[in-house]
Amino acid sequence: LTASLAEAPLSPALQGIVRTLRAERHALSDRMLDTLRQTIPEYHSLRDDVARDVFDAGVRNAELWYDALAACHMPPPDGLEWVADFGRRRCEQGVTLAALLHAYRIGTRVYLDTLISRVHTEPAVAHEVLLKVSPFVLGYGDLLSQTISEVYLDQRVGEARHRDRLREDLFGIVCHQPQLDAAFDDAARALGLDPQAAHHALVLRPIDAAPQPHRFDALREQLLSLPGICSAREPLWGMTRGQLALWLDVGADEASSAREHRLADTLAPLLRDAALPVQIGIGAPASGAPAWHHTLEQAAQAVDLGQRLRPERRLHFYSSVALDATVTASPEMVASLQELIDRLAAEPQLLETLQAYFDQRQQLKAVAAVLGIHRNTLLHRLERIRTLLHADLADMGWLARLHLALRQRQLRVPRSGGN
């Protein structure tokens, strides 16, 4: 295209019109900015400083466009450096590449339409615009689009790598150095996260052993696509001990029971259709680096204990196993509860009866039916349990102790198969 212009440069008449339009570049840029605001949603409500930047770029682009046309050749590479800088700034401001390229097409069209409006009464010059300028416009548009696309994508790749480094730093602090409060705050804010807002950890543990890493990527994308799962653009996440961990923000003024019910409903499609079958554990809400570390440990414990106590479930809240976790962490409590089990172990039918008693919520008719025994036999066994343990089965304290003892017994039973 440049060669064809060099062989047949613009006529003096067209050269004069080009020079006139270049002198009117500020008015052209105003028209271009108004057109952008009316046409592209992302330009509807530009801040004053951004609008000024776009206007100045329009002026420079008009100079570049008309100078290239008058000189009959494309701008040199160093003449496009400001275009690259402008593209980087738009990228940093969050303008999409599609909107940015659309803006450049509109700008070029404003310049061309203005040129056409000046020559439509002069057939010879209008014919010259059709044959010479139109092909030049196509080449010029391709050149700017290529320049903008390359710098924009380079900028996005750089930002993504920077965010990945920040995320890895923050993940390392939470997992391994939660005492570094200042570093935690700085990294969280750099990622657009509120370090003081309450978050709870989710642990997604694969049911199948050692899945391929790309399956975790698909799982994470599937999780974050669930409606209402997280308000952050991208929450903190990472891999730890072969499982995916994420921290999700907690809704303000949401009761814990309502939050757990909402999460159960939200996560149901993932558990049903997950790209990678998983068990999910959810820790209690917490704020600050040490607490984020603690809620991660809780989420992992929720899976550890929950899949043994409720193997039919794949979603486990720490609140459901918090008492069991507290007991497990106390050797004295474990020994005390084991002593209750040991007193009944010589008569296995008593342990079976006590388990059914809790499973059927102390409904004697249901308990007897499950065990396949007469009601009087059931009453005799319950009285035997009371005698051996000196227990009061009408007392909530005793019921809680016995229930915890049975759950601790269940936790000690070796699992068959599984992860």
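Me: Before we start, what should I know about the numbering and the confidence limits?
Reply: Residues are numbered from 1 along each chain as its sequence is written, and side-chain values use heavy atoms, with hydrogens and water left out. The model is predicted, so to speak of local features we need pLDDT of at least 70, side-chain atom pairs count only at pLDDT 80 or more, and totals for chains, interfaces and linings use all residues.

Me: Thanks! Is Arg25 buried or exposed?
Reply: Buried means under 20% relative accessible area, exposed over 50%, and partly exposed in between, with a 1.4 Å probe and protein chains only. Arg25 has a relative accessible area of 18%, so Arg25 is buried. Arg25 belongs to helix α3, residues 25–39; helices (H or I, at least four residues) and strands (E, at least two) are DSSP runs, numbered from the N terminus.

Me: Which side chain does the side chain of Arg25 make a polar contact with?
Reply: A polar contact is a pair of N or O atoms within 3.5 Å; within protein, one must be able to donate a hydrogen and the other to accept it, and residues adjacent in sequence count only if both atoms are side-chain atoms. Here the partner is the side chain of Glu63, at 2.7 Å. For plain contact, the criterion is heavy atoms within 4.5 Å. Leaving aside neighbours within four places in sequence, Arg25 is in contact with Val59, Ala62 and Glu63.

Me: Where is Asp78, and is Asp78 buried or exposed?
Reply: Asp78 sits in the loop between α4 (48–71) and α5 (81–92). Its relative accessibility is 63%, so Asp78 counts as exposed.

Me: And Asp324, buried or exposed?
Reply: Asp324 is buried because its relative accessible area is 2%. Its place is in helix α12. Not counting residues up to four places away in sequence, Asp324 touches Leu305, Leu309, Leu404, Arg407, Gln408 and Leu411.

Me: How many disulfides does a search of the whole structure find?
Reply: A disulfide is a pair of cysteine sulfur atoms within 2.5 Å. The search finds 0. Cys72 is buried, with a relative accessible area of 8%, and Cys175 counts as buried at 11%.

Me: What is the volume of the largest pocket, and which residues lie nearest its centre?
Reply: On a 1 Å grid over the protein atoms alone, a cavity is a set of points where a 1.4 Å probe fits but cannot get out, and a pocket is an open set with protein on both sides within 12 Å along at least five of seven lines; lining residues have an atom within 4 Å of a point. The largest pocket has a volume of about 560 Å³. Its lining has 20 residues, with Leu309, Arg310, Arg313, His403 and Arg407 nearest the centre. α17 gives the most to that lining, with 5 residues.

Me: How many cavities of 30 Å³ or more are there, and which residues are closest to the centre of the largest?
Reply: There is 1 cavity of 30 Å³ or more, and the largest cavity has a volume of about 120 Å³. Of its 13 lining residues, Met32, Gly58, Phe86, Ala103 and Tyr104 are the closest to the centre. At least two lining residues come from each of α3, α4, α5 and α6 (97–119). A volume here is the space filled by probe spheres set on the points, with grid points joined across faces, edges and corners.
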